[in-house]
Amino acid sequence: MTAPDPRCGIIALIGEPNAGKSTLLNRMVGAKVSIVTHKVQTTRTRVRGIALKGPAQLVFVDTPGLFRPRRRLDRAMVKAAWGGAADADVTLLLVEAHRGITDGVRSILNSLATQLPPNRTVALAINKIDRVQAETLLALSAELNALRAFAATFMISAERGYGVDDLMEWLAEQVPAGPWLYPEDQIADLPLRLLAAETTREKLTLRLHQELPYELTVETEKWEDRKDGSVRIDQIVYVARDGHKGITLGPKGTTIKAVGQAARAEIAAFLGREVHLFLTVKVRPGWLEERERYGEIGLDFSDGEP
Ligand SMILES: Nc1nc2c(ncn2[C@@H]2O[C@H](COP(=O)(O)OP(=O)(O)OP(=O)(O)O)[C@@H](O)[C@H]2O)c(=O)[nH]1
Ligand SMILES: [Mg+2]
């Protein structure tokens, strides 16, 4: 049921890789709909999460981090991020309190001027305030607002939840009057197959080192609802090099086993059903240049064309 005077709008979360966009999305939605790791470039595509605040339905779009793209996957991710911002009613820029105005932040501020229509509402959220002193924050806020006149500035900790409620109150006032886009109990619009694949990719990213997580992708190959109420999910982990297969499997398969257990538990929790998860690791040297792999994760392959 929709509220009497409903409001509804799309809010894009943008920022450098690792700024805490996905953490904030999950915090505002009140459930984990986008994966989070301590590594950069975790989110690869636009992920929608939906929250209610009074009469307003807030549709958040988590985006990949913005950085200087080098490879096709980078370019597709950055293009998806700006696409997310272009479609939104409000754009929220996240800046990390302890890192301040980096070259990356400057470059995003410059791009904001060219990538978005001039009348677009852009707000600032200084995140990770749990990591700095109050004086640093006030100075950073003043400096950022001197570089661009933000519609509002919030100081938050997405991880701890500080300031998030005030931010949501403000966003609820900003979104236009209009009917809700989603049923009131819907919190995400990512297909379950993709959410399940993302969960496995998160667990792999947390366990593997260096470039490896970037060079792998996970796809849900088969999804079988069983009569006993459980579900069997088969996934393929594509790695780009021979040597990566062994690392992904780990000694005697211990790494992939631990990944499978962690992913299975989390998928079972959000499905509310028993899950049997089967992971297969395949070497596919060219996957980073395959159109189909991009389609599977919701990225436009041609986006990457220089
Ligand atoms: N101390 C602190 N850490 C935070 C906060 N918010 C997020 N983090 C941490 O920052 C790291 C990156 O968080 P993500 O939410 O994955 O960041 P992201 O902006 O989505 O990153 P990409 O998807 O790679 O662009 C994780 O280790 C989070 O736990 C915060 O408020 N305080
Ligand atoms: Mg993210």
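Predicted model: local features only at pLDDT ≥ 70, side-chain atom pairs only at ≥ 80, totals over all residues.
Residues are numbered from 1 along each chain as its sequence is written, and side-chain values use heavy atoms, without hydrogens and water. Local features need pLDDT of at least 70 and side-chain atom pairs pLDDT 80 or more, while totals for chains, interfaces and linings use all residues.

Reader: How many residues are around ligand 1, and which come nearest?

Author: A residue is near a molecule if one of its heavy atoms lies within 4 Å of it. By that rule there are 23 residues around ligand 1, and those that come nearest are Lys-21, Thr-23, Thr-42, Asp-130 and Glu-159.

Reader: How do the residues of the shell around ligand 1 divide into nonpolar, polar and charged?

Author: Ala, Val, Leu, Ile, Met, Phe, Trp, Tyr, Cys and Pro count as nonpolar, Asp, Glu, Lys and Arg as charged, and the others, Gly among them, as polar. On this basis the shell holds five nonpolar, twelve polar and six charged residues.

Reader: At what distance from an oxygen atom of ligand 1 does a polar side-chain atom of Thr-43 lie?

Author: A polar contact is a pair of N or O atoms within 3.5 Å. Ser-22 has a polar side-chain atom 2.9 Å from an oxygen atom of ligand 1, and Gln-41 places a backbone N or O atom 2.8 Å from one. For the polar side-chain atom of Thr-43, the distance to a ligand oxygen is 2.8 Å.

Reader: Which residues have the most contacts inside the largest nonpolar core?

Author: A nonpolar core is a set of buried Ala, Val, Leu, Ile, Met, Phe, Trp, Tyr and Cys residues joined through side-chain atoms within 4.5 Å. In soluble globular proteins, nonpolar side chains tend to be buried together. The largest core here has 47 residues, and those with the most contacts inside it are Ile-11, Leu-24, Phe-60 and Leu-92.

Reader: Is Phe-60 buried or exposed?

Author: Buried means under 20% relative accessible area, exposed over 50%, and partly exposed in between (1.4 Å probe, protein chains only). Phe-60 lies in strand β3 (residues 56-62), strands being DSSP runs of E with at least two residues. Because its relative accessible area is 0%, Phe-60 is buried.

Reader: Is Gly-229 buried, exposed or partly exposed?

Author: Gly-229 sits in the loop between β7 (216-225) and β8 (231-239). Its C-alpha is 41 Å from that of Glu-16, and the two residues are 213 apart in sequence. Because its relative accessibility is 36%, Gly-229 counts as partly exposed.

Terms used:
Chains lettered and ligands numbered in written order. Polar contact = N/O pair within 3.5 Å; in protein donor to acceptor, adjacent residues only side chain to side chain. Helix = DSSP H or I, 4+ residues; strand = E, 2+ residues; numbered from the N terminus.
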